Amino acid sequence: MSRTTSTTERDSKKFRSGFVAIIGRPNVGKSTLMNHLIGQKIAIMSDKPQTTRNKIHGVYTTNDTQIVFLDTPGIHKPQSKLGNYMMQTAESALKEVEAALFLIDASEGLGGGDRFIIEQLKKVKTPVFLVMNKIDKVEPEQLLPMITQYNELHEFAEIVPISALKGNNIDTLLEQISKYLPEGPQYYPADQVTDHPEQFVCSELIREKILHMTREEIPHSIAVTIEDMRVKENGVVYIGAVIFVERDSQKGIIIGKKGELLKEVGKQARKDIEALLGSRIFLELWVKVKKDWRNQERVLKDLGFRHD
């Protein structure tokens, strides 16, 4: 998980650094934006809402700037203890950053969810950017009336239309963010793109494949943990992962007929993990039932859902 950046003349420049939260409703493209900003896949992407459960830290570094991005869970009305955790995670991110990117889906326009988030943003002094995503799906003349709508609800520090998927205006967004950063230290090495351990990113990549292959209640009922990860004598990285579900019926769905779905999950996840680690892997998956795990505090903590 590295990115090579030259350090030439860094010492002769004023180095700026800071933390920036990416906030928005579920499914507006926060993880897609994070991955494009960093230039590497560290946050999982899905067309299903509430995909991100933890704050994913992505690190962007140049000769004179380091931006630590926090990809937060989509702000929504929680329906479980896991949902409460996700909401608290998103809201707490606003208290520890130099700026916040309020990401909206320009193809959908202003909705009740956006209004709710704006009310939360009014409570903080953090500079907030209105980042209008998916501009490739709308006509240019539609943007100005939409900007006027949002401006009537909140005074944004900057307004930047982008397409996270296609990369439109990403460089402009980075330039604007840099202007709001104070002089500060380089928090992470120049070649580091995330502060999460490899095990966490690997577990998220496995969960992403399940999200793509299942529907209805299954996507929100799964959690993935890496129980064993080691390099074998032949150089192959062995990974043993457990997929937790809430009911026996869900276990059968994840495994699939004759184990076909689980095999396909493993096959697709293996490709992404090998690209991440830069080495061959042997991936072994198990499916276990933890009944109603999303509402059990102890289980949530065991699975890594805890606040600092």
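Student: What makes a set of residues a nonpolar core?
Tutor: The residues must be buried Ala, Val, Leu, Ile, Met, Phe, Trp, Tyr or Cys, joined through side-chain atoms within 4.5 Å. The largest such core here has 27 residues, and those with the most contacts inside it are F102, I104, L130, M132 and Y150. Elements giving it two or more residues are β1, β3 (65–71), β4 (99–105), α3, β5 (128–133) and α4 (143–151). The largest share, four residues, comes from α4. A second, separate core of 25 residues includes C202, I206, V224 and I243.

Student: What kind of model is this?
Tutor: This is a predicted model: local features need pLDDT of at least 70, side-chain atom pairs count only at pLDDT 80 or more, and totals for chains, interfaces and linings use all residues. Residues are numbered from 1 along each chain as its sequence is written, and side-chain values use heavy atoms, with hydrogens and water left out.

Student: Why is I22 called buried?
Tutor: Buried means under 20% relative accessible area, exposed over 50%, and partly exposed in between (1.4 Å probe, protein chains only). I22 has 0%, so I22 is buried. I22 is in strand β1. Strands are DSSP runs of E, at least two residues; helices are runs of H or I, at least four; both are numbered from the N terminus. The C-alpha atoms of I22 and F69 are 7.0 Å apart, although 47 residues separate the two along the chain.

Student: How do you know that D114 and R25 form a salt bridge?
Tutor: A salt bridge needs a side-chain nitrogen of Lys or Arg within 4 Å of a carboxyl oxygen of Asp or Glu. For D114 and R25, the N to O distance is 3.0 Å, and the pair counts as a salt bridge. D114 lies in helix α3 (residues 112–121) and R25 in the loop between β1 and α1 (30–38), so the bridge ties together parts 89 residues apart in sequence.

Student: Why are both partners called buried?
Tutor: D114 has a relative accessible area of 0%, so D114 is buried. R25 has 16%, so R25 is buried too.

Student: What makes D248 and K291 a salt bridge?
Tutor: Their closest N and O atoms are 3.8 Å apart, and the pair qualifies. D248 is in helix α7 (residues 248–255), and K291 is in the loop between β9 (281–289) and α9 (297–302), 43 residues away.

Student: Why are D248 and K291 called exposed?
Tutor: D248 has a relative accessible area of 54%, so D248 is exposed. K291 reaches 51%, so K291 is exposed as well.

Student: How many salt bridges are there?
Tutor: A search of the whole structure finds eleven.

Student: Why is α7 called oblique to α8?
Tutor: Axes are lines fitted to C-alpha atoms, for helices over the stretch in contact, and angles run from 0 to 180 degrees between N-to-C directions. Under 35 degrees is roughly parallel, over 145 roughly antiparallel, 65 to 115 roughly perpendicular, and the rest oblique. The axes of α7 and helix α8 (residues 260–277) come within 5 Å and cross at roughly 60°. That makes α7 oblique to α8.

Student: Which residues of α7 and α8 meet?
Tutor: I253, I254 and I255 in α7 meet E260, L261 and L262 in α8. The residues of this contact (heavy atoms within 4.5 Å) divide into five nonpolar, no polar and one charged.

How values were computed: Nonpolar A, V, L, I, M, F, W, Y, C, P; charged D, E, K, R; others polar.
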